[in-house]
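These are my notebook entries on one structure. I record below what I looked up.

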Amino acid sequence: MADAEGLLEARRAADMAAEQKGGPGKRIKGADHLGWGMRNRLSRLIRADGHCQFLPIDHGYFQGPTRCLERPAETIRDLVPYADGLFVTRGVLRAAVDPDLETPVILRVSGGTSVVGKDLADEVLTTSVDEMVRLNVAAVGISIFVGSDYEKQTLESLALLVDECEAYGIPVMAVTAVGKELEKRTARYLALSCRIAAELGARIVKTYYCEEFDRVTNGCPVPVVIAGGPRCETELEVFEFVYDGMQKGAIGVNLGRNVWQNPHPAAMMRALNAVIHEGATPAQAFDLFNTLKQAA
Ligand code: 5RP
């Protein structure tokens with residue numbers, strides 16, 4: 001039974017300091033009027049400085065056992081301590097990730113194609129909202145293929161996913177995918193894709209870096225994170241494009257191959273964190289990478 005002994009009367013306003021309205025709060029683009037659950041999920045993924053580094057381990061959903069992701073449990077175990085979010089499918093999450101994980105999860109929920117199939121763009125939704133809730137995800141990710149034969153199908157999937165996820169306060173991250181047509185990655189095309197994704201309700205958009213990246217971020221009313229694409233020749237090149245992308249309005253990165261296919265993936269993530277969270281220049285990040293690499 002609740003105890004009423006020694007119950008103290010509530011204080012009056014005059015006996016207390018002036019009431020603080022709201023808190024400083026971090027600024028998340030387009031997120032000023034979100035419900036508590038949606039905002040809380042985004043806040044778990046985006047750090048107090050408004051920036052983030054996500055770790056994508058989702059490539060197997062169309063590529064099979066990709067180089068350096070042959071055993072996803074091992075890659076995740078070694079790298080997730082440096083990530084603000086982990087991007088995986090439900091299969092890898094259930095089979096290869098410790099449920100005690102504190103890092104928030106972004107669940108990849110589109111797929112249905114493969115590198116040996118007819119068209120990578122022919123994706124559908126692969127995961128129900130019940131499953132997203134059961135897996136306690138912080139967000140979900142879906143690819144859209146603007147300009148492809150499957151443009152309408154993938155955009156419709158995005159819109160339907162947003163409808164279902166908004167009901168549960170789950171943010172949708174749209175991925176502006178190009179399949180095998182890497183030459184599509186121009187500011188004009190990516191700005192178009194990102195804007196369409198946001199218009200259809202994505203709360204965050206992942207897209208490729210390109211020249212004039214500010215044209216992409218400026219036209220997108222929600223946060224943009226940079227995807228990596230094929231491996232660069234040098235680490236310095238990676239730090240340079242990430243630095244430039246951040247200067248031009250990205251809030252962070254979602255780099256796969258340029259991280260885990262590097263011989264020193266943990267050093268890569270730590271050096272990237274220096275750029276993303278500490279404002280390091282590409283040269284400073286490269287120095288840090290070399291120091292960490294030698295110490296490993
Ligand atoms: C694969 C993805 C990846 O998460 C994304 O492309 C990032 O990986 P990478 O840096 O290797 O391109 O969405 O479909």
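I began with a definition: two strands pair if DSSP finds at least two bridges between them. Helices (H or I, at least four residues) and strands (E, at least two) are DSSP runs, numbered from the N terminus.

I noted that this is a predicted model, in which local features need pLDDT of at least 70, side-chain atom pairs count only at pLDDT 80 or more, and totals for chains, interfaces and linings use all residues. Residues are numbered from 1 along each chain as its sequence is written.

**Entry 1: strands.** I looked up strand β9 (residues 224–227) and found that 4 bridges join it to strand β8 (residues 204–208), the two running parallel. On the other pairing I checked, β9 and strand β10 (residues 252–254) are also parallel and are joined by 3 bridges. A227 of β9 is the bridge partner of Y208, and A227 also stands opposite N254 in β10.

I then turned to strand β2 (residues 85–88), which runs parallel to β3 with 3 bridges between them. L86 has V105 of β3 as its bridge partner.

**Entry 2: burial.** I call a residue buried if 20 or more other C-beta atoms lie within 10 Å of its own, exposed if 12 or fewer, and partly exposed in between, with C-beta atoms placed from the backbone. Helix α12 (residues 282–295) has 14 residues and reaches 20 Å from its first C-alpha to its last, close to the 20 Å expected at 1.5 Å a residue. The expected span is 1.5 Å times one less than the number of residues. I found A285, F286, L288 and F289 of α12 buried. They lie on the same side of α12 because they cover an arc of only 160 degrees around the axis; the arc is that of the directions from the helix axis to the C-beta atoms. The face turned away from this buried side carries the exposed residues A283, Q294 and A295. The cover over the buried residues includes α9 (235–247) and α11 (265–278), where contact requires C-beta atoms, placed from the backbone, within 7 Å.

**Entry 3: ligand.** Of the 13 residues around the ligand, P56, A227, G228, G256 and R257 come nearest.

**Entry 4: S43.** I located S43 in helix α1 (residues 36–45). S43 counts as partly exposed because it has 17 C-beta neighbours inside 10 Å.

How values were computed
Two residues are in contact if their C-beta atoms, placed from the backbone, lie within 7 Å. A residue is near a molecule or strand if its C-beta atom, placed from the backbone, lies within 6 Å of it.
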